[in-house]
Amino acid sequence: MVSNPLPAVARWLAARRWVMRTAPVVLWLERVVRRVSGGKCGILDLAGLPSIEITVMGRKTGLPRTTSLLYVPHEENFLVLGSNWGSAKHPVWSANLRAASTATVRTKSEQLEVTVTEITGADRKRAWDLAVEFWPGYEMECELSGGREFRIFELRRV
């Protein structure tokens with residue numbers, strides 16, 4: 001069986017600073033692919049990478065907010081990091097997750113409820129190491145952000 005070379009290519013590209021400037025195009029493509037596939041896959045899925053669509057209530061509006069994210073597999077759960085493409089600011093979705101105890105996750109054709117836990121302290125260091133091993137670009141994004149400590153969340157299946 002031939003393995004998919006796209007994840008390795010994506011990981012290599014993600015460690016290149018110039019790729020961060022493509023964020024608007026990638027985010028637009030993500031929305032288009034999600035719309036065309038009925039939400040079943042996104043641009044990361046096409047690249048052979050694990051992605052989820054997460055829906056969480058807005059902390060100010062109380063309205064459901066959905067965003068697509070790369071995730072780091074962690075046992076049967078999901079780790080998500082608020083890298084925000086190396087921006088100095090935390091992504092809005094991470095503030096919403098921080099204020100929530102539950103969310104809804106969609107992976108390809110599965111939709112499930114998850115509990116939300118922000119990982120801090122000694123557990124955060126272990127989660128960061130796991131995330132960087134999986135997606136080396138996080139280190140470069142952290143540097144680009146000015147050293148901002150990315151919020152890390154574990155989403156556990158209910």
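A nonpolar core is a set of buried Ala, Val, Leu, Ile, Met, Phe, Trp, Tyr and Cys residues joined through side-chain atoms within 4.5 Å; buried means under 20% relative accessible area, exposed over 50%, and partly exposed in between (1.4 Å probe, protein chains only). The model is predicted, so local features need pLDDT of at least 70 and side-chain atom pairs pLDDT 80 or more, while totals for chains, interfaces and linings use all residues. Residues are numbered from 1 along each chain as its sequence is written, and side-chain values use heavy atoms, without hydrogens and water.

**Exercise 1.** Determine which residues of the largest nonpolar core touch the most other members.

*Solution.* Step 1: this core has 19 residues, and those with the most contacts to other members are Val72, Leu81, Trp128, Trp135 and Tyr138. Step 2: α1 (6-14), β4, α5 (121-134) and α6 (137-144) each give two or more residues to the core. Helices (H or I, at least four residues) and strands (E, at least two) are DSSP runs, numbered from the N terminus. Step 3: α5 supplies the largest share, five residues.

**Exercise 2.** Decide whether Asp45 is buried or exposed, and list what it touches.

*Solution.* Step 1: Asp45 lies in helix α3 (residues 43-46). Step 2: its relative accessibility is 15%, so Asp45 counts as buried. Step 3: not counting residues up to four places away in sequence, Asp45 touches Arg34, Lys40, Ser51 and Lys108, where contact means heavy atoms within 4.5 Å.

**Exercise 3.** Describe the backbone and exposure of Asn84.

*Solution.* Step 1: Asn84 is found in the loop between β4 (77-81) and α4 (92-98). Step 2: although not a glycine, Asn84 has a positive phi of about 50 degrees. Step 3: Asn84 is partly exposed because its relative accessibility is 27%.
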